[in-house]
Amino acid sequence: MYESFYGFAEKPFNLTPDPKYLYLSARHTEAFAHLEFGRRERGGFVVITGEVGTGKTTLARYFLSSLKDAATAVVLYPALTAAELLRSILDDLHATPRGESLKDLVDALHEFLLASRARNRNVVLIIDEAQDLSPEVLEQVRLISNLETDTEKLIQIILMGQTELKELLDRRELRQLAQRVTARYHLAPLGRQETEAYVRHRLQVAGGEGKVVFTPGALLGVHRESGGLPRLINLICDRALLAGYVQGSRTILPPMVRRAASEVRGDTERPRVSRSLLVAGIGALVLAALWFLRGELARPSSVAAAPPPSLPQVTIPPPTTTLAPLDPLLLTVDRAASLRQATADIEALWGPGPLVATPFRTHLAQVRRFDLPAALEMFHPSRRDTCYLALIRLDGDAAVVGDGRGGTQRVAVRDLDQLWTRQATLMWRDSLSAAADAARTGQFARDSLGRLGYLEAGGDLTAAVARFQRDTELAPDGIIGQRTLLALYSLGPHEGPRLSGGSS
């Protein structure tokens, strides 16, 4: 509803556990380290607990996205019987049992684990909301962990759940399982500074950094009202953004947060009048009275007295934008036509030949680093949808953009950045077809990483890719995807236009 108003590519405070939105606070980083430890050691259970809404499921999805060439099974609804649990695991692993008995299910899982071990492939089982498992099913989970070789477990099992999971594992009949837990971590709520960083992180990922501002008082209110629980932070911030949209303001103030928190809690009590609001009301009455008296004293006695004026209503005016150089561009172009023109502007810089278009949710510093022309998605407070401009050159504090008619226009980078949604499509020429060919991809990556100093002869390609991704602010998953290829291409020697001017 409010995405285009703030310039978001998507809603920043959705409750879905999207791994790209995970804010790795100190607590979440430690929890992730425990998960990694359990994966590497291939032994015992890892248990992650935390209060409702602390981000356990999002952390689990992030951990899953970091696994390379691993077979994974995820149980999200653990209110199952032992047989149902095994069937669910086998379904995720695409393993087919020979029959329906419990023995058939266990045998099928054992055969799959042995085959995976022969291929040196990890198998990871994650059970979310594990506090809802019955003691009988937990005992079956323990028996699954007995599937092992002489030196290591064949499956790594991760239990994630609320605080009650700790109490469940303390029960005497589950002491054998508890003794096999090699790593435990309790995920606590975020502190005040972490809450503020969390809010800013999600705004940046959604493409709204710089387009909407939570005042310091509003951020303090978010922490106080949410207790540092990410789920409550999301609910409160989402409603606060909706309040800002309704009032036409891109600055989120403490009253908006308080009202949002009240709606989240479902408060039905009459709101109390704060002291500051009472003082403001009295001040308005005094000003109105003085205004009325001044009019009475100045009015000739022969003129009939007019009724006293009504008190003015206090409203928050919509923000005004005075970006004269960009207004004509952003207010007169059609969205679809502007995208076609921006693409044509960039293609003209490259000359004849096919180009690869790679979409990014990014920021200006990263665009400068890649140094390639890009189609930027733009917004304007006076239009409901977005449009596009071709970013052709960056020269210090000035930018050269397409004017929507095949020409160019010079604007201030600050003005451009203020109305950019943070969504960009970078275009580049993949002369080796590396993006479409696995063999060329690997060779191109090795050559590029070696030239950039990330990979020595015979070194681990995946680890080198992950290091390069961290340094270029990409997701450090070690996978050579199109964005990683683009980053390698842009930082190496190539024939083509540069944002910094000229070709290389």
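These exercises work through a predicted model of one protein chain.

**Exercise 1. Describe the overall make-up of the protein chain: how many helices and strands are there, and what share of residues is buried?**

Step 1. The secondary structure comes to 20 helices and 13 strands.
Step 2. Of the 504 residues, 45% count as buried.
Step 3. Take contacts between residues at least 6 apart in sequence. Of these, 71% join residues at least 24 apart.

**Exercise 2. Check the length of helix α2, then find which of its residues are buried and where they sit around the axis.**

Step 1. Helix α2 covers residues 26–41, which makes 16 residues.
Step 2. The buried residues of α2 are H28, A31, F32, L35, E36 and G38.
Step 3. These residues cover an arc of only 160° around the axis, so they lie on the same side of α2. The spacing rule behind such a pattern is simple: an α-helix has 3.6 residues a turn, so residues three or four places apart point the same way.
Step 4. R42 follows α2 and has a positive phi, near 50°.

**Exercise 3. Characterise the largest pocket: what is its volume, and which elements and residue classes line it?**

Step 1. The volume of the largest pocket is about 1,800 Å³.
Step 2. Its lining has 50 residues; Y62, L474, A475, P476 and D477 are the closest to the centre.
Step 3. Elements that give two or more residues to this lining are α2, α3, α9 (192–205), β8 (356–361), β13 (420–428), α19 (461–471) and α20 (482–490).
Step 4. α19 gives the most, with six residues.
Step 5. By class, the pocket lining divides into 18 nonpolar, 16 polar and 16 charged residues.

**Exercise 4. Now turn to the cavities: how many reach 30 Å³ or more, and what lines the largest cavity?**

Step 1. The structure holds four cavities of 30 Å³ or more.
Step 2. The largest cavity holds about 60 Å³ of space.
Step 3. Its lining includes L329, V333, Y388, L389, G402 and D403.
Step 4. α15 (335–350) and β10 (387–395) each supply at least two lining residues. α15 gives the most, with four.
Step 5. The cavity lining has six nonpolar, four polar and two charged residues.

**Exercise 5. H94 and D371 both have a positive phi. Locate each one and decide whether it is buried or exposed.**

Step 1. Recall the background: most residues other than glycine have a negative phi.
Step 2. H94 is not a glycine, yet its phi is positive, about 60°. D371 is not a glycine either, and its phi is also positive at about 60°.
Step 3. H94 lies in the loop between α4 (82–93) and α5 (102–118). D371 lies in the loop between α16 (364–370) and β9 (374–378).
Step 4. The relative accessibility of H94 is 73%, so H94 counts as exposed. For D371 the value is 13%, so D371 counts as buried.

**Exercise 6. Place R258 in the fold and state how far it is from V222 in sequence and in space.**

Step 1. R258 belongs to helix α12 (residues 254–265).
Step 2. R258 has a relative accessible area of 48%, so it is partly exposed.
Step 3. R258 and V222 are 36 residues apart in sequence. Their C-alpha atoms are 8.1 Å apart in space.

Technical notes. Residues numbered from 1 in each chain as written. Predicted model: local features only at pLDDT ≥ 70, side-chain atom pairs only at ≥ 80, totals over all residues. Heavy atoms only, no water. Expected span 1.5 Å × (residues − 1). Buried < 20%, exposed > 50% of the residue type's maximum accessible area, 1.4 Å probe, protein only. Arc of directions from axis to C-beta. 1 Å grid on protein atoms, 1.4 Å probe; cavity = no way out; pocket = protein on both sides within 12 Å on 5 of 7 lines; lining within 4 Å. Points joined across faces, edges and corners; volume = space filled by probe spheres on them. Nonpolar A, V, L, I, M, F, W, Y, C, P; charged D, E, K, R; others polar. Contact = heavy atoms within 4.5 Å.
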